[in-house]
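Dear colleague,

I am passing on to you the structure that follows, together with some notes on what was found in it.

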Amino acid sequence: MGHSHGLRSGTRYAFSRDFRQKGQIHLSTYLKTYRVGDIVDIKVNGAVQKGMPYKVYNGKTGVVYNVTKSSVGVLLYKVVGNRYLEKRINVRVEHVKHSRSREDFVKRVKENAEKKKQAKEQGVHLHLKRQPTLPREAHKVEGTAPETITPLPYDTHI
């Protein structure tokens, strides 16, 4: 038999709802406010077929460039061969959610600003570069003794 290459081929699990997430869509999905410049993740909701993005965009992160009554325009970059192509897709709000990718960065910026403020008050020079975590210190495990294991001789009779 031939293989179908339709728009939704290979999406059996990608577009299916998660365990205990089936049924009515929460109202909070529709009450979220999206503004131009917001970073959003595209996560397809299989229960809503209207305004669904093509399968290759599922799981991608982009920036909102347009907002309409029931959908948002998302700008993202698609890898094609050896280059990135800018893609603009219009997706209903059921298929997008606010991205949490910048949370750590914004938190770090605020912490660094506070550290700078304190260092300026104290008149201390400050280094804010992140350092990789060092290996743990060497230690001995107390209360155990090494155990010697020897193989049993091979026995052929039953």
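I begin with Asn112, which counts as buried, because its relative accessibility of 18% falls under 20%. Please keep in mind throughout that this is a predicted model, and that residues are numbered from 1 along the chain as its sequence is written.

Asn112 is found in helix α2, a helix of 20 residues that covers residues 103–122. From its first C-alpha to its last, α2 reaches 29 Å, which is close to the 28 Å expected at 1.5 Å a residue. Just after this helix comes Gly123, which takes a positive phi of about 70°. Glu114 also belongs to α2, but with a relative accessible area of 40% Glu114 is partly exposed.

Asn112 and Tyr154 are 42 residues apart in sequence, and their C-alpha atoms are 67 Å apart in space. Glu114 and Val40 are 74 residues apart along the chain, while the separation of their C-alpha atoms is 28 Å.

Next come the charged side chains. How many salt bridges are there by the rule used here? The count comes to 3, and I take them in turn below.

- Glu103 forms a salt bridge with Arg100, with the closest N and O atoms 3.2 Å apart. Glu103 is partly exposed at a relative accessible area of 43%, whereas Arg100 is exposed at 63%.
- Arg88 and Glu86 meet through their side chains in a salt bridge of 3.4 Å, taken from N to O. Arg88 is partly exposed, with a relative accessible area of 46%, and Glu86 is partly exposed as well, with 43%.
- Glu94 and Arg92 meet in a salt bridge of 3.5 Å, again taken from N to O. Glu94 counts as buried at 8% relative accessibility, while Arg92, at 25%, counts as partly exposed.

As for contacts between aromatic rings themselves, the count of aromatic pairs by the rule applied comes to 0.

Although Arg20 is not a glycine, it has a positive phi of about 60°. Arg20 is found in the segment before α1, the helix at residues 28–31, and at 72% relative accessibility Arg20 counts as exposed.

Val56 lies in the loop between β1, at residues 39–42, and β2, at residues 61–67.

With kind regards

Note on methods: Predicted model: local features only at pLDDT ≥ 70, side-chain atom pairs only at ≥ 80, totals over all residues. Heavy atoms only, no water. Helix = DSSP H or I, 4+ residues; strand = E, 2+ residues; numbered from the N terminus. Expected span 1.5 Å × (residues − 1). Salt bridge = Lys/Arg side-chain N within 4 Å of Asp/Glu carboxyl O. Buried < 20%, exposed > 50% of the residue type's maximum accessible area, 1.4 Å probe, protein only. Phe/Tyr/Trp six-rings, centres within 6.5 Å; stacked < 30°, edge-to-face > 60°.
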